[in-house]
Amino acid sequence: MPEVSRVDLTPAAADLIRRLRAAHGPLMFHQSGGCCDGSAPMCYLEGEFRTGSSDVLLASLSVEGVGEPVTFWMSSSQFERWRHTHLTVDVVPGRGSGFSLEAPEGVRFLIRSRLLTEAERAALDG
């Protein structure tokens, strides 16, 4: 059975991550539950956003062409609301937050979600 993950990437998101990694270094995502751009995944240099006990590591994403995993964190309060969903990081045209590394590229990361299947929930919660 293939490994089950709470987070995946579209090919477009993986391509942008490769470009951002080449330009800036190791990367991470943080998904908070805030308003405005707080509901979008924010891309930072790994370690630039300080995580703590109020954050949950949802995934360490392997991206072809990137030497290290890209971690994906979420605030624990947001995770409680989203724990039953599978998240896919995508890229769309438009300007997101000035704090996220893709902002100067004229695109922004976006989350697409769906409910986890029964099998996925069992594998993740088991």
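Reader: In which helix is L16 found?

Author: L16 is found in helix α1, where helices are DSSP runs of H or I with at least four residues, strands are DSSP runs of E with at least two, and both are numbered from the N terminus. Please keep in mind that this is a predicted model, in which local features need pLDDT of at least 70 and side-chain atom pairs count only at pLDDT 80 or more, while totals for chains, interfaces and linings use all residues. Residues are numbered from 1 along each chain as its sequence is written, and side-chain values use heavy atoms, with hydrogens and water left out.

Reader: Why is L16 called buried?

Author: Buried means under 20% relative accessible area, exposed means over 50%, and partly exposed lies in between, with a 1.4 Å probe and protein chains only. L16 has a relative accessible area of 1%, so L16 is buried.

Reader: What is L16 in contact with, leaving aside its neighbours within four places in sequence?

Author: Contact means heavy atoms within 4.5 Å, and on that basis L16 is in contact with V91, E102, E105, V107 and F109, once its neighbours within four places in sequence are left aside. L16 and R108 are 92 residues apart in sequence, and their C-alpha atoms are 9.8 Å apart in space.

Reader: What makes β6 and β7 a pair of strands?

Author: Two strands pair if DSSP finds at least two bridges between them. Strand β7 (residues 107-115) is joined to β6 by 9 bridges, and the two run antiparallel; within this pairing, F109 in β7 is the bridge partner of V91. Strand β1 (residues 7-9) is joined to β6 by 3 bridges, and these two run parallel, with L9 standing opposite V89 in β6.

Reader: How do you know that strand β6 is mostly covered?

Author: Of the 9 residues in strand β6 (residues 85-93), 7 are buried. Leaving aside neighbours within four places in sequence, T85 is in contact with R6, S113, R114, L115 and L116.

Reader: What is meant by the largest nonpolar core, and how many residues does it have?

Author: A nonpolar core is a set of buried Ala, Val, Leu, Ile, Met, Phe, Trp, Tyr and Cys residues joined through side-chain atoms within 4.5 Å. The largest one here has 25 residues, and those with the most contacts inside it include V7, V89 and F109. The largest share of this core, 5 residues, comes from α1. In soluble globular proteins, nonpolar side chains tend to be buried together.

Reader: Which residues line the second largest cavity, and what makes a space a cavity?

Author: On a 1 Å grid over the protein atoms alone, a cavity is a set of points where a 1.4 Å probe fits but cannot get out, and lining residues have an atom within 4 Å of a point. The second largest cavity is lined by R6, L58, M74, F79, W82, R83, T85 and L87, with α2 (76-82) and β6 each supplying at least two residues of the lining. Its volume is about 40 Å³, where grid points are joined across faces, edges and corners and a volume is the space filled by probe spheres set on the points.

Conventions
1 Å grid on protein atoms, 1.4 Å probe; cavity = no way out; pocket = protein on both sides within 12 Å on 5 of 7 lines; lining within 4 Å.
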